[in-house]
Amino acid sequence: MADPTTSGRFPLAEPGLWVERVGSRVFAAGSPALFLDRDGTVNVDTGYPDDPAEMVLRADIAAVIAAANRAGIPVIIVTNQSGIARGYFGWGDFAAVNGRVLELLRVDNAFVDMVVACAYHEAGSGVLAVADHPMRKPNPGMLLEAAGRLGLDLRRSLVVGDKEADMEAGQRAGLAQGWLVDGQAAVRSGFTIRPWCERAHFDGLLAAIAALGTASGAP
C-alpha cells in the first residue's frame, strides 16, 4: 500500500488522492474540459499496472487529446487506482507508470493538463480502506475536485471511459454527455452516452471537442 514515509515526494492532496497539475497552460474560468479515464481508455489495460515498460496507448486516443489541446480545452485524467489500497503497488509505481503514459502522449504531440487518481477502496488496509469513498468512481469527486481547481464548466464538459462507472461519474458531476469505449448508446436523466466502437464514433467525438473549442472562443 502507499508508503506514508515517501508520500511527501508526490502530489497527494490526502493519503489516497493524487492531484497533479501538468504543464503550465492557463485556461479561462468557465472552460469546459475533456475528462478521460486512464487504464483501458488512454492506455491498454494491463490489470493493475505497475510496470512502465508495459504501457501502450490505445489507438486514436492521442488524436482525441491533441484535438482538445488545439481547441483550448483542459484535458484531465481521472483514474481509480485500487491496486495501491490493495497493496499491489505504491504511489511510486503509479508515478512511474503515469509518467510513461504522459511521455507516450507527448511523443504524439498530445498533452494532459491534470491527473487525479483515487486509491481508496474497501478491500484496502489502513487509511486507504474506505468503502464508497466520494473520490472513487462512480462517485463524481475527482471530476468535482478538478472543476474546483480549474474553474470548469462541468455541464459543457465531456467524459471518455471504458466502464459504466466512468459514465455514472460524469452524469453525477453534471456533465451532459460521455463516450463509452466499446459500449452502447443510452440516455439517462439528461446524460447521453455515445459509443466509441468505430470510426464514425471517433469522428463524432472529434467534432464535439471542436465545437466546444469554437463555443469557448479558442483560435
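**View 1. Serine 189 in the loop between β8 and β9.** In this predicted model, S189 counts as exposed, with a relative accessibility of 74%. The residue lies in the loop that joins β8 (186-188) to β9 (191-196), and its phi is positive, at about 45°, although S189 is not a glycine. Most residues other than glycine have a negative phi.

View 2. D132 takes a positive phi of about 55° without being a glycine, and its relative accessible area of 62% makes it exposed. At the other feature, the peptide bond from K137 to P138 is cis, with omega near 20°. Most peptide bonds are trans.

**View 3. Helix α1 and the residue that follows it.** Nine of the 11 residues of α1 are buried, so this helix is largely enclosed by the rest of the structure. The buried residues of α1 are I61, A62, V64, I65, A66, A67, A68, N69 and A71. Just after the helix, G72 has a positive phi of about 75°.

**View 4. The largest nonpolar core.** This core contains 71 residues, and those with the most contacts inside it are L34, F35, I76, L105, V116, W196 and I209. Helix α1 (residues 61-71) supplies the largest share of the core, namely eight residues.

**View 5. The surroundings of V116.** When neighbours within four places in sequence are left aside, V116 is in contact with L17, W18 and V19, with I76, I77, V78 and T79, and with M142 and A146. Both V116 and its contact I76 are listed among the residues with the most contacts inside the largest nonpolar core.

**View 6. The whole protein, for orientation.** The protein is built from six helices and nine strands, and its C-alpha trace spans about 45 × 40 × 35 Å along the principal axes. Its radius of gyration is 16 Å, which agrees with the value near 17 Å that a compact globule of 219 residues would have. Of these 219 residues, 50% count as buried, and among contacts between residues at least 6 apart in sequence, 68% join residues at least 24 apart. The accessible surface comes to about 9200 Å², and 52% of it belongs to carbon and sulfur atoms. The protein carries 19 positive and 25 negative side chains, with the centres of the two sets 5 Å apart.

Notes
Residues numbered from 1 in each chain as written. Predicted model: local features only at pLDDT ≥ 70, side-chain atom pairs only at ≥ 80, totals over all residues. Heavy atoms only, no water. Helix = DSSP H or I, 4+ residues; strand = E, 2+ residues; numbered from the N terminus. Rg over C-alpha atoms; globule rule 2.2 N^0.38 Å. Buried < 20%, exposed > 50% of the residue type's maximum accessible area, 1.4 Å probe, protein only. Contact = heavy atoms within 4.5 Å. Areas by Shrake-Rupley, 256 points an atom, 1.4 Å probe, with all protein chains shown as cover. Lys, Arg positive; Asp, Glu negative; His and termini not counted. Charge placed at Lys NZ, Arg CZ, Asp CG, Glu CD. Core = buried A, V, L, I, M, F, W, Y, C linked by side-chain atoms within 4.5 Å.
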